[in-house]
Amino acid sequence: MRYTSVAVAAALALVSISTSLQGARPDDQIDAKSLALLEQGRAARAAGNVDGAIDLIETAVVVDPRNRQGFIELAELSKARGLPGKAIRLYREALLLEPNDVNALQGQGEALVAKGAVERAKANLARVRTLCKTACPQANALASVIAKGPPVTTASTVPVKASTKN
């Protein structure tokens, strides 16, 4: 009699866990609405409507957070807008979904160089070279960006007004 309540609780736990696992979709089945929104966003980007493209692709990612290509597209748009920090974060989201995505590793490496983190970009390059058994364009492109180094920013000089206090 003492074991009955424990057995019932264990059975209920087992049933609820198996039911929740059965209802989950595999990672390779991305919502069709999310894919359609991603394609609309790509078309808007190609047409020059960057703000509309960002809105559509962000919506695609919200509809299905497993849409890795959506994160990559958003990262590329952020990089093009001069926001390498945001691009790094978005590439990281894509890499959490698929750690071996060489396009995301390349893009993140380029954004890291733009941010000045050349050593971390070199780590990405090493990983890309490990994943590509033969020569691949992603490794070559990232190596050339690393060779150029981070962009040089110059500080603008503003003349300082002389103080008239005595």
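Helix axes are lines fitted to C-alpha atoms, over the stretch in contact, and the angles between N-to-C directions run from 0 to 180 degrees. In this predicted model, the axes of helix α3 (residues 50-63) and helix α4 come within 9 Å. They cross at roughly 150 degrees. Angles over 145 degrees count as roughly antiparallel, so α3 is roughly antiparallel to α4. The crossing of α3 past α4 is left-handed.

Both helices supply side to this contact. From α3 come Val-50, Ala-53, Ile-54, Ile-57, Glu-58 and Val-61. From α4 come Gly-70, Phe-71, Glu-73, Leu-74 and Leu-77. By class, eight residues of the contact are nonpolar, one is polar and two are charged.

Helix α4 spans residues 68-80 and includes Ser-78. The relative accessible area of Ser-78 is 6%. Buried means under 20%, so Ser-78 is buried. Leaving aside residues up to four places away in sequence, Ser-78 touches Leu-83, Lys-86, Ala-87 and Leu-90. Ile-88 lies ten residues from Ser-78 in sequence. The C-alpha atoms of Ser-78 and Ile-88 are 9.1 Å apart.

The structure holds one disulfide. Cys-132 is joined to Cys-136, with an S to S distance of 2.3 Å. The link of Cys-132 and Cys-136 is right-handed, with 90 degrees about the S-S bond. Both Cys-132 and Cys-136 are buried.

Notes:
Residues are numbered from 1 along each chain as its sequence is written. This is a predicted model: local features need pLDDT of at least 70, side-chain atom pairs count only at pLDDT 80 or more; totals for chains, interfaces and linings use all residues. Side-chain values use heavy atoms; hydrogens and water are left out. A disulfide is a pair of cysteine sulfur atoms within 2.5 Å. Buried means under 20% relative accessible area, exposed over 50%, partly exposed in between (1.4 Å probe, protein chains only). Helices (H or I, at least four residues) and strands (E, at least two) are DSSP runs, numbered from the N terminus. Contact means heavy atoms within 4.5 Å. Angles under 35 degrees count as roughly parallel, over 145 as roughly antiparallel, 65 to 115 as roughly perpendicular and the rest as oblique. A crossing is left-handed if the near helix is turned anticlockwise from the far one by less than a right angle, and right-handed if clockwise. Ala, Val, Leu, Ile, Met, Phe, Trp, Tyr, Cys and Pro count as nonpolar, Asp, Glu, Lys and Arg as charged, and the others, Gly among them, as polar.
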